[in-house]
Amino acid sequence: MERDVVRQTVLRPYIEILSFWGESIEDYLFVFDVKEQQFYFSSCIWEKYPLPFIDISFGIEDWISVIDIRDRSKVEQNLEEIKRGETDQVAMEYRMIDRKGISVWVNCVGKCVSYDDGKPSIIVGSISENVVSKKIDQLTGLQNQTVLEKSFQEILQKGESGYFLILGIDDFKNVNDKYGRKFGDEQLKKLAEIIDKNLEYDSRLYRLDGDKFGVNLVGYSKESAKAFYDRIKTEFSIQTYSNVSAGAVSYPTDVNNYHNLYQYAEDALNQSKQQGKNKLSFFSIDIYKGHLFFIDLKEEILESIKNDFEGFYIYYQPVVKNENGMLIKAEALMRWRSKQYGEISPVVFIPILEQTGLILEAGKWILEKAMKQCHEWRQYLPNFRMNINLSYIQLKDKRLMETIFYALDKANIPGSAIILEVTESIQLQDYSYFNLLFYQLSKKGIQISIDDFGTGYSSLGYLKELRVDEIKIDRCFVKSIQEGGYNSHLIKNMIELAHSVNIRVCVEGVETVEERTVLKKLSPDVIQGYYFGRPETPDKFYEKFITKAKEGQPIVDDGERKVVSEHNNMLKKNSQNYQNLLDELDYIIYVCDAETYELYYINKLGKKLTGVYDYTGKKCYEVFRRGKEACADCKMNTLEQGVFRTEVKREKNVEFLIKEKKIIWDGKLARLEMITENGEKE
Ligand code: C2E
Ligand code: CA
Ligand code: CA
């Protein structure tokens, strides 16, 4: 009783201070009577929140009733701990539901000012919406990144696992542009509402930059994260006719710090967007590293170009006349060596140049360099020409013609010395635009060639619609053309069709003498490919190809290559005859690669005694000793070519004679081994 009086005396001045200060500050001040479990508040909190106002205080149940159901348990737990004397402070953020039913984030802090038996008896503190508002997104009322960072760190410390998702509205910029910001805001609010409704207690939703939301799905599995996304996606599209994409990252498996959490989830989201949107992608470290590689390259390329195209150079590949194999022109192919990664294929760096728009500068660079080179070689071969590749981005550039004409002047060559290669693609469908451009170029004598012909969009249609001078039939049609079949018919038809409308034909990617032989009869105009020559540096190009052309010789003598090819075929036939012969002998005989030990041949007896009939891809020690590596005493290295080494080995009272030597088998260095029982045979 006495104690109660004491408490009341302590309580009273605080309550008086409350009503005095309450009027003048924005935060809600409170005094909490721990024993009575009563809250006293400065004036007007019941105006905003639906608290039953009786006298100036209300009970704990009423207080709990205005707290968002998702945050109630942690508030109750804190109050319980105070009551038991386990803590004497309050410091937490939670959501309260206001009279309009809107959930409002508040920051509640409080401190014990009086104890009873060592337990807190009076707590004073404040409820602030302002402190939190810096961490709150004005539009959606959701917490922002600052809070995400803090709470994610707490979750990691607790050792919890789950999935973090970033969701974004597809084509949100278009929505804003088309229907206005207000409409866009409504969509954002709708998405926030749908996600929020689908969240479970422990999980949290945050507003991130722009149209993005972060959701921390604590304790979720991959499947349940996917199911969560599917629900949001369906509800959102039904309610707004818009789509939402997402990227997810698992913690702590994939990520164990905030910095990477955001980056990884965003990378996965970008992946979803790149793959057509309206989907969820899970983070993959390999894909991420690929993106980093890409970013690295991008930065380095930019640096290279700034430094006067450092690391860029050009290779030239010969193009010959079909009928006689004489060099008539070259294709200029761009090369780039990265300081970090070494040689990078143009298939990788050209798209980067295109994406960044740097292809305009790089394109200008190669035009000038290749034309200069052309000028040099025309001194030896006055009709020599140069094929130069153009990207569709260059084709759309208003200053293209100016660039080309300037380069021609600078190199001092006529327009007829160059042929511009443009890749067959959907972009070329704007016939009137391109025909005008090609017409203007043709007035200067510049020719147009359609690259990779046959691989793209409505190929044959081009020939009718576009005024071009040459088509380059893609390498994929050349492969195994000697076997007759589909490809050879197709090439034949393409050549005939192009010729019927006076378009020249170049066949690309000719690699073998067989392909060359068949193609020759189909009469394309020119041919290009490894068979005649690979792309080379200017010096090598001169040495290998120009010198021959100067002397009126073809690059490759078809006759010579034919003899080589026939010789190869003969050897193959011979080795078949050998094999038939070796099969008849009473020796175990085998042949294996001198370096890799891979078996090339086992004779009939060898197969019978080892029981191994299909030895393709197997090593000698696997078949003959059932071993995992080559014999320790294998004398392969000390063997001489052409000279037999003989050895006698004893195994289980039987003496074996082993003879071995190095030989050439089907053009490869190999070991021949013959085994027989000693003394029995000659
Ligand atoms: P492309 O224009 O079709 O160039 C032909 C490609 O085929 C070259 O690859 C060449 O080395 C390769 N090639 C030539 N003969 C054979 C053969 O017999 N067998 C095989 N397997 N390949 C052969 P490269 O130099 O790697 O260039 C790849 C692509 O990069 C080019 O394909 C072209 O689309 C692009 N590119 C290269 N340089 C430039 C350039 O300066 N500007 C633009 N826009 N693109 C370029
Ligand atoms: Ca080309
Ligand atoms: Ca091509």
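Biologist: Which polar backbone atom is 3.0 Å from a nitrogen atom of ligand 1?

Modeller: One belonging to M334. Keep in mind that this is a predicted model.

Biologist: Which side chains have a polar atom 3.2 Å from an oxygen atom of ligand 1?

Modeller: N389 has such an atom, and D452 has one too. The protein covers 82% of the 790 Å² of accessible area that ligand 1 has on its own.

Biologist: Where does ligand 1 sit?

Modeller: In the largest pocket. There are 22 residues around ligand 1, and Q317, R335, D451, E511 and Y530 come nearest.

Biologist: What classes of residue make up that shell?

Modeller: The shell has 10 nonpolar, 7 charged and 5 polar residues.

Biologist: And which element gives the largest share of the shell?

Modeller: Strand β13, with 4 residues. At least two residues each come from β13 (327–338), α12 (346–356), β15 (385–390) and β17 (447–453).

Biologist: Changing topic, which residues are the protein donors of the calcium ion, ligand 2?

Modeller: E331, N389, E421 and D451, at 2.1 to 2.3 Å from the ion. Their spacing in sequence is E-x57-N-x31-E-x29-D. E331 in strand β13 and E421 in strand β16 (residues 418–423) are 90 residues apart, so this pair links distant parts of the chain.

Biologist: Which residue bridges ligand 2 and the other calcium ion, ligand 3?

Modeller: D451 does, and the two ions lie 4.1 Å apart. D451 is also one of the residues that come nearest to ligand 1.

Technical notes:
Residues numbered from 1 in each chain as written. Chains lettered and ligands numbered in written order. Predicted model: local features only at pLDDT ≥ 70, side-chain atom pairs only at ≥ 80, totals over all residues. Heavy atoms only, no water. Near = heavy atom within 4 Å. Polar contact = N/O pair within 3.5 Å; in protein donor to acceptor, adjacent residues only side chain to side chain. Areas by Shrake-Rupley, 256 points an atom, 1.4 Å probe, with all protein chains shown as cover. 1 Å grid on protein atoms, 1.4 Å probe; cavity = no way out; pocket = protein on both sides within 12 Å on 5 of 7 lines; lining within 4 Å. Sits in = over half its atoms within 2 Å of the grid points. Nonpolar A, V, L, I, M, F, W, Y, C, P; charged D, E, K, R; others polar. Donors = N, O, S within 2.8 Å, 3.2 Å for Na, K, Ca; no water.
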